Amino acid sequence: MSSLIQNNKKRQIVQSLYLCKALMAFLIVTRHTTFFCKDALLPIISIATPTFFCITGYFLFSDSQERELAKATRWIQKGLLLCLFMNLIYLLHHSVDAAVYGRSYSPDLKVLAGNAFGDSIIGNFIVNIFTGISYSYHLWYLSAFWIAMLVFYALRRFCPVLIYATPLLYAWAQVCHRWGADIFPGASEPVLIALRCNFFAMALPFICTGYLISKHSKTLLRLPLIPLWLILCGAMLYKSGTVLSYLSINTYGWCYHITTYLMVGFTLLTCLKFANARLPFINTIGQHHSANIYYLHILIYTHLVRTGFHVEEAAALIVYLASIPLSLGINLIVKGWKYALK
């Protein structure tokens with residue numbers, strides 16, 4: 001009976017996290033398009049991608065090292081394949097866009113001309129994938145994801161205690177951003193950017209945070225989550241995230257990023273606290289379509305803009321809903337009817 005109750009509780013938690021993923025996917029679409037209250041919600045929107053990483057980390061935790069390493073291996077492979085495929089799609093998109101509309105396109109990473117692969121399309125593509133620079137700005141997530149999972153695998157296998165230190169990498173990114181040129185005098189801009197690369201400045205810290213939350217959830221769930229979440233939410237919304245601005249203390253950057261980090265963690269914990277939250281349609285979106293919405297929404301929005309789409313205030317909602325049938329079609333092709341419609 002106890003085992004049955006535990007399994008039911010786990011299913012409820014999973015459903016609650018799917019609900020969270022569906023909401024985060026909408027916030028990401030809102031960030032990249034337009035919505036009537038976007039400016040007011042912008043600080044909250046910033047937690048969406050880190051929360052995706054955090055939920056991934058939560059699902060990584062298991063009772064045995066073997067299962068955790070097996071999950072990490074599977075997600076490294078899946079992440080790399082998705083990264084290659086989606087970047088290829090967007091490379092083709094840019095090529096068609098250039099041919100039809102006469103727009104020129106060049107990869108973001110301009111050090112490519114001097115790399116070992118030369119400045120060919122294939123050379124650029126390979127370097128982009130393995131340096132975290134993508135053919136559409138939002139696809140940095142995929143590059144960061146599979147590389148961070150690779151690092152997590154190494155940490156979990158050879159030095160698990162270092163997982164507890166990875167959140168400091170998020171702070172390190174802010175240090176490099178503010179004082180990198182002083183700490184590393186003479187370093188070029190590409191080097192300074194590499195020092196705060198997304199896979200260890202964003203993906204790895206939040207994946208590991210989700211993993212640690214899962215590992216210590218029983219203790220963490222004893223915290224007064226709702227009051228703390230509301231305080232953090234208010235802190236983010238108040239003057240774009242700094243409560244100290246009221247005191248005229250010039251600490252916007254640090255206060256904002258610390259608040260963001262805590263907000264992501266408490267959002268995950270709040271989902272665990274209210275694990276019975278279930279809205280079947282929204283849960284299904286979170287389970288089967290949230291990732292596809294993330295990858296595809298830029299294509300849909302670009303096409304709508306090209307065809308004279310002018311419903312600007314509702315763009316985020318329309319693009320979000322339009323992404324779902326496209327995602328369903330992809331799931332039908334890739335995984336079959338049974339998976340796509342369950």
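## Burial and the salt bridge

A residue counts as buried when its relative accessible area is under 20%. Glu68 has a relative accessibility of 1%, so Glu68 is buried. The model discussed here is predicted.

Side chains of opposite charge can pair when their charged atoms come close. The whole structure contains 1 salt bridge. Its partners are Arg156 and Glu68, with an N to O distance of 2.3 Å. Arg156 belongs to helix α6 (residues 140-158) and Glu68 to helix α4 (residues 65-101), so the bridge links distant parts of the chain, 88 residues apart. Arg156 is also buried, because its relative accessible area of 13% falls under 20%.

## Aromatic pairs

A search of the whole structure gives 18 aromatic pairs. One of them joins Tyr170 and Phe206, whose ring centres are 5.1 Å apart; the planes meet at 70 degrees, so the arrangement is edge-to-face. Tyr170 sits in helix α7 (residues 167-183) and Phe206 in helix α9 (residues 198-215), which means that the contact ties together parts 36 residues apart in sequence. Tyr170 and Phe206 are both buried.

Phe199 and Phe200 make another edge-to-face aromatic pair, with 5.0 Å between the centres and 90 degrees between the planes. Phe200 is buried, because its relative accessibility of 16% is under 20%.

## Aromatic cluster

Several aromatic residues group together. Phe52, Phe53, Trp140, Tyr141, Phe145, Tyr294 and Tyr295 belong to one aromatic cluster.

Definitions and conventions:
Residues numbered from 1 in each chain as written. Predicted model: local features only at pLDDT ≥ 70, side-chain atom pairs only at ≥ 80, totals over all residues. Heavy atoms only, no water. Phe/Tyr/Trp six-rings, centres within 6.5 Å; stacked < 30°, edge-to-face > 60°. Helix = DSSP H or I, 4+ residues; strand = E, 2+ residues; numbered from the N terminus. Buried < 20%, exposed > 50% of the residue type's maximum accessible area, 1.4 Å probe, protein only. Salt bridge = Lys/Arg side-chain N within 4 Å of Asp/Glu carboxyl O.
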